[in-house]
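Subject: Handover of a structure for your study

Dear colleague,

Please find the sequence and the structure below. I would be grateful if you kept them open while reading the notes that follow.

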Amino acid sequence: MVAIMTGMDTDAPPTPTRRPVRQLLAASVGNAVEWYDWYAYTFLATYIADQVFPDSADNSLVPLLSTFAVFAVGFFMRPVGGLLMGAIADRRGRRAALTVTILLMGGSSLLVGLTPTYTAAGVLAPVVLVVARLLQGLSVGGEFAASTTFLVESAGPGRRGLFSSFQYVSTTAGQLVASGIATLLVDTLSEDRMNGWGWRIPFVFGAVLSLVGFWIRQGAQETRSTEQQRAPRPALFEALRRHPRESLLICGITAGGTIAYYTWTSYLPTYAELNAGVAKSDALLAGTISLAFFGLLQPLGGMLSDRFGRRPPLLFFGVGFALLSVPLLHSLRDSFAVLLLVQCAGMVLLTGFTSISAAVNAEVFPPRVRAAGIGFPYSLTVALFGGTAPYVGTLFKDLGHAGLFPWYVAVLCLLSSLVYLRLPETAHKELER
C-alpha cells in the first residue's frame with residue numbers, strides 16, 4: 001500500500017553511496033521541513049496560549065502551561081510514530097517511510113494554522129490543536145527513525161559520524177528558519193496583529209514547504225540491501241522482543257541528551273523571559289544566533305567522532321552538562337549578551353551528543369529492525385524527558401521553585417554519562433547492511 005501510494009519500487013537494489021550528496025539533500029531538506037513545522041509551535045507558544053486556551057483570572061501562567069502541556073502530548077505520539085513508521089521503513093524501505101512522514105507533517109501543520117480561537121469556537125479550539133499536535137508527533141517520531149537509518153546507511157566507510165551530523169544540521173536549519181520567521185513577525189507586526197493572525201503564518205508556510213520536501217524526496221535512493229528487501233518482513237514488536245538490551249541502551253544514551261537539547265534549543269528563550277526578565281524579542285534573537293552557531297558545529301563533531309570514536313564526545317557532553325547546567329542557567333539575567341553567551345556555551349557541549357547520536361543509535365541495531373528498533377525507545381525517551389522539559393520548567397516556576405529545573409537537567413546528564421562510560425566503541429566497525 002505504501003509502495004503504491006508513494007510510487008516506489010521497493011525491490012530496486014540500493015546504490016546510495018554512488019550519489020552521497022543527493023542522499024544528504026533528500027534526507028536533510030525533508031528533515032529540515034519536518035522540524036520547522038514542529039518547532040514553529042514552540043517559538044509561538046505564548047501567542048497560541050492567548051488565542052486557543054481560556055484565560056485564568058487567578059494565574060496568568062495557566063494558558064502557557066496548557067500550551068506546553070499540548071507540546072508534551074505531541075511528544076507522546078512520537079513513540080507510536082517511531083514504531084509504526086520504523087516498521088514501514090524496515091518492511092517497505094526507508095524512502096517509503098520518509099515520504100509518508102513529510103506528507104503527514106504538512107497536513108498537521110496546516111491544521112495548526114487553521115485552528116480556531118477559543119473565543120470563536122470554545123472548547124473545540126484546544127481539541128483541534130491537540131489533534132494537530134498528535135499528528136505532528138506521529139510524523140516526527142517516524143521521521144527520526146527513518147532518516148537516522150537512511151543517513152547512516154548512505155555513508156561510506158569511516159564517514160558515518162559525518163553523515164550522522166546532518167541529522168541535526170537539518171534539524172537546526174528547520175528550527176532556525178522557524179525561529180527567524182517568529183523573530184521577524186514579532187519585530188514587524190503589532191501585538192494585536194500577532195495575536196489576531198500573525199502567529200498562523202508560519203504554520204501555513206510550513207504546509208507549503210512540506211510539499212517541496214515531498215518532491216525532493218522522490219529522488220532519494222533506497223538504502224536497504226537487496227538481501228534485506230528479500231528477507232521475511234519483521235514483526236511490529238520484533239526489535240523490542242529480540243533486542244531488549246539494545247532498546248534500554250538507546251534510552252540511556254538519549255535521556256541526558258534530549259533534556260539538554262530541548263532545554264537549550266527550545267525552552268531557553270521562554271525560560272529567560274520567565275526567570276530573568278529578558279525581552280521576548282531579545283530572547284528569540286539570541287536563540288536564532290545560537291542555533292546558527294550550533295548548526296555549524298555539527299559536521300565538525302561528526303568528523304572528530306569518525307577519527308577518535310563515539311565515546312569521547314559523548315562524555316564531553318554528559319559530564320560537561322552535569323557540571324555546568326546549574327551555573328549556566330543560574331547566571332541568566334536581563335541581558336542579551338549574557339543569554340547569548342549561556343546559549344552558545346551550551347551548544348558547544350551539546351554538539352558532543354547531537355552530532356553523533358544518529359550514528360550511535362544506528363550502530364546498536366541490526367539492519368532487519370534498525371529503524372523500528374531506534375524509533376520506539378528513542379522517541380519514548382524524548383517524550384518522557386525532552387517533550388516535558390518546557391512544561392516541567394514552567395511548572396517549577398509556577399510552584400515557586402524555578403531554581404530546581406537546572407538541577408533536574410544536570411542529574412539526567414550525569415545518569416547518561418554513566419551509560420556512556422560502559423558504551424562499546426563502534427566507530428571503526430563495519431556497519432551491517
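A residue is called buried when its relative accessible area is under 20%, exposed when it is over 50%, and partly exposed in between, as found with a 1.4 Å probe on protein chains only. Helices (H or I, at least four residues) and strands (E, at least two) are DSSP runs, numbered from the N terminus.

This is a predicted model, in which local features need pLDDT of at least 70 and side-chain atom pairs count only at pLDDT 80 or more, while totals for chains, interfaces and linings use all residues. Residues are numbered from 1 along each chain as its sequence is written, and side-chain values use heavy atoms, with hydrogens and water left out.

Helix α8

Helix α8 is mostly covered, with 25 of its 31 residues buried. The helix runs over residues 124-154, and its end C-alpha atoms lie 44 Å apart; this agrees with the 45 Å that its 31 residues should span at 1.5 Å a residue. The expected span is 1.5 Å times one less than the number of residues.

The largest pocket

A pocket is an open set of points, on a 1 Å grid over the protein atoms alone, where a 1.4 Å probe fits and protein lies on both sides within 12 Å along at least five of seven lines; its lining residues have an atom within 4 Å of a point. The largest pocket holds about 240 Å³ of space. Its lining has 18 residues, of which E363, V364, F365, T426 and K429 are the closest to its centre. Helix α14 gives the most, with three residues. By type, the lining consists of nine nonpolar, one polar and eight charged residues. Here Ala, Val, Leu, Ile, Met, Phe, Trp, Tyr, Cys and Pro count as nonpolar, Asp, Glu, Lys and Arg as charged, and the others, Gly among them, as polar.

A276 belongs to helix α14 and is buried, with a relative accessible area of 15%. Leaving aside neighbours within four places in sequence, A276 is in contact (heavy atoms within 4.5 Å) with Y271, L332, R333 and D334.

How many aromatic pairs does the structure hold? There are 14. Rings of Phe, Tyr and Trp (its six-membered ring) pair if their centres lie within 6.5 Å; planes under 30 degrees apart count as stacked, over 60 as edge-to-face and the rest as tilted. The pair of Y261 and F294 is tilted, because the ring centres are 6.3 Å apart and the planes stand at 45°. This pair joins helix α14, which holds Y261, to helix α15 (residues 280-308), which holds F294, across 33 residues of the chain. Both Y261 and F294 are buried.

The pair of Y267 and F405 is edge-to-face, because the planes stand at 80°, with the ring centres 5.7 Å apart. Y267 is in helix α14 and F405 in helix α21 (residues 404-421), 138 residues apart. Y267 is buried at a relative accessible area of 1%, and F405 counts as buried at 0%.

Q221 lies in the loop between α11 (201-217) and α12 (226-230) and is buried, with a relative accessible area of 10%. The C-alpha atoms of Q221 and A26 are 9.0 Å apart, although 195 residues separate the two along the chain. In helix α20 (residues 389-398), the buried residues are A389, P390, V392, G393 and T394. Just after α20, G400 takes a positive phi of about 85°.

Yours sincerely

Definitions and conventions
Points joined across faces, edges and corners; volume = space filled by probe spheres on them.
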